[in-house]
Amino acid sequence: MKGILYQEISNQLKHDIITGKYPVNSLFPTENELVEMFAVSKITIRKAIELLVQEGYLHKQSGKGTTIISNRPFNILNNAIPFTRLLEKDGINVKSKIIEVKESSMTEHTFAWPYVYEITRVYSLNDVPAIYSKHYFSLKEKENLKILSDDDFSLYRLLYDKNLPISQIKDTFRAIKIDESLKQYVDFSEDFALQRNRFSYDENGGLIEFTKFIYDSERQEYYIDYLV
């Protein structure tokens, strides 16, 4: 391995977590197992694991081992637990359904790469549609729309696989009056809802992703839980 050895090992283990080799909520291999796997010292393994702990992928607990707590690419950029995961922790059944996938002609924002796609998705909470989202993102090359149409599709995992790193994320929030066209997807409880806009940028400040979420916050309050 080139570079600093423990960083290289940490990067490999992070890749294994993100790609699903080690599932979330499962126990991570022990130090001894990793020492044997990589043929390095225990000190090197401990440094590699510590990086993953700092980035929010692992949680170490004395006497209980090390647990995988996240598999999100670009995890270190956001120390807030995803809203849908918080709901699942509270016992709410969260399901997503992709409504439409298409090449986008958006002109409101200028993206870093030439091929821009648009995905419309609705999240149901306990089988009741409650969150409307529209993702816009750019890629260097054309993508097969069928790949983007899977209900389990992960945008950030796609960007990770395409080697399109995100260096900055910005969220903005505002109250909006519900457009009549949205009511075909979500039966909003009130005439107003919470809109969250997410902007993701590369290291050069180029816009990689813009996502608009609209929450029926009367039905389910939106909240943030930070990892500290």
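Biologist: In what order do the elements of the protein run from the N terminus on?
Modeller: This is a predicted model, where local features need pLDDT of at least 70, side-chain atom pairs count only at pLDDT 80 or more, and totals for chains, interfaces and linings use all residues. Residues are numbered from 1 along each chain as its sequence is written, and side-chain values use heavy atoms, leaving out hydrogens and water. Helices (DSSP H or I, at least four residues) and strands (E, at least two) are numbered from the N terminus. Read that way, the elements go α-α-α-β-β-α-β-β-β-α-α-β-β-β.

Biologist: What share of the residues counts as buried?
Modeller: The C-alpha trace spans about 60 × 40 × 30 Å along its principal axes. Buried means under 20% relative accessible area with a 1.4 Å probe, protein chains only. Of the protein's 228 residues, the buried share is 43%.

Biologist: Among contacts between residues at least 6 apart in sequence, what share joins residues at least 24 apart?
Modeller: A contact here is heavy atoms within 4.5 Å. Take the contacts between residues at least 6 apart, and the share that joins residues at least 24 apart is 58%.

Biologist: Which residues touch the most other members of the largest nonpolar core?
Modeller: A nonpolar core is a set of buried Ala, Val, Leu, Ile, Met, Phe, Trp, Tyr and Cys residues joined through side-chain atoms within 4.5 Å. The largest one has 16 residues, and α1 (5-18), α2 (31-38) and α3 (42-54) each give two or more. Apart from it lies another core of 15 residues, including Phe 74 and Ile 208. Back in the largest core, the residues touching the most other members are Leu 13, Ile 17, Phe 28 and Leu 58.

Biologist: Why does Ser 70 count as buried?
Modeller: Ser 70 sits in the loop between β2 (65-68) and α4 (83-89). With residues up to four places away left out, Ser 70 touches Ile 17, Val 24, Gly 56, Tyr 57, Asn 75 and Arg 85. Ser 70 counts as buried because its relative accessibility is 3%.

Note on methods. Buried means under 20% relative accessible area, exposed over 50%, partly exposed in between (1.4 Å probe, protein chains only).
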